[in-house]
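Subject: Structure handover

Hello,

Here is the structure you asked to look at. My notes on it follow below.

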Amino acid sequence: PCMVDLDRPHPGCGMCPRSNENLEGVNLPIESDELWDSFTSFQQFLWYTDEMEHRWHTLLRQFETKDESRRPEFYEITWSHSEQFAKGMTNLQRSMGCSTLDHTANHNSH
C-alpha cells in the first residue's frame with residue numbers, strides 16, 4: 001500500500017486512502033490522514049487487502065446478469081506455494097487456449 005514517499009508519484013488509480021493523493025478515490029476511505037499515518041505497515045497492508053477484495057466483489061456485481069451469454073468469465077487462482085501457483089497459471093493458460101511454457105530450469109543467476 002501507499003507509504004509516504006515524496007520522491008515517488010502515486011498511481012493514477014486510487015490505491016492510497018490519503019486525501020488528495022490520487023486521481024480518483026478508494027472504495028474504503030479512511031476517516032483521516034492522521035488515522036492512516038497512525039497505522040502500522042501491517043495494518044496498512046490489511047486495509048489494502050480489504051480494498052482489493054472489495055474491488056473484486058464490486059467488479060463481479062457489475063457483471064451480474066441473467067443473460068449468461070453476456071457475462072464474462074472470471075478465473076480465480078488461490079495458492080499458498082509456488083507449485084500451486086504454477087498449476088493455477090497453467091490451467092488458466094489452457095482455459096484461454098494458450099500454450100504453456102515448461103519451466104524446467106532455474107534462470108536465476110547469482
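Which residue forms a salt bridge with Glu 51, and how far apart are the closest N and O atoms? The partner is Arg 55, and the distance is 2.9 Å. Keep in mind that the model is predicted.

The salt bridge. The structure holds 1 salt bridge, the one between Glu 51 and Arg 55. Both residues belong to helix H2, where they sit 4 residues apart, or about one turn of the helix. As a general point, side chains of opposite charge can pair when their charged atoms come close. The two partners can also be described by their accessibility. Glu 51 has a relative accessible area of 0%, so it is buried. Arg 55 has 22%, so it counts as partly exposed.

Gln 44. Helix H2 covers residues 41-62, and Gln 44 is in it. Is Gln 44 buried or exposed? Its relative accessible area is 6%, and the cut-off for buried is under 20%, so Gln 44 is buried. The side chain of Gln 44 reaches the backbone oxygen of Trp 36, at 3.2 Å.

The nonpolar patch. Which residues form a nonpolar patch on the surface? They are Phe 42, Phe 45 and Leu 46, which together have about 310 Å² of accessible area. Phe 42 is another residue of helix H2. Its relative accessibility is 55%, and exposed means over 50%, so Phe 42 counts as exposed.

Regards

Notes:
Residues are numbered from 1 along each chain as its sequence is written. This is a predicted model: local features need pLDDT of at least 70, side-chain atom pairs count only at pLDDT 80 or more; totals for chains, interfaces and linings use all residues. Side-chain values use heavy atoms; hydrogens and water are left out. Helices (H or I, at least four residues) and strands (E, at least two) are DSSP runs, numbered from the N terminus. Buried means under 20% relative accessible area, exposed over 50%, partly exposed in between (1.4 Å probe, protein chains only). A polar contact is a pair of N or O atoms within 3.5 Å; within protein, one must be able to donate a hydrogen and the other to accept it, and residues adjacent in sequence count only if both atoms are side-chain atoms. Patches are made of residues with over 30% relative accessible area and no salt bridge: like charges are joined within 9 Å, nonpolar side chains (Val, Leu, Ile, Met, Phe, Trp, Tyr) within 5 Å. Accessible areas come from the Shrake-Rupley method with a 1.4 Å probe; for residues, only the protein chains shown count as cover. A salt bridge is a side-chain nitrogen of Lys or Arg within 4 Å of a carboxyl oxygen of Asp or Glu.
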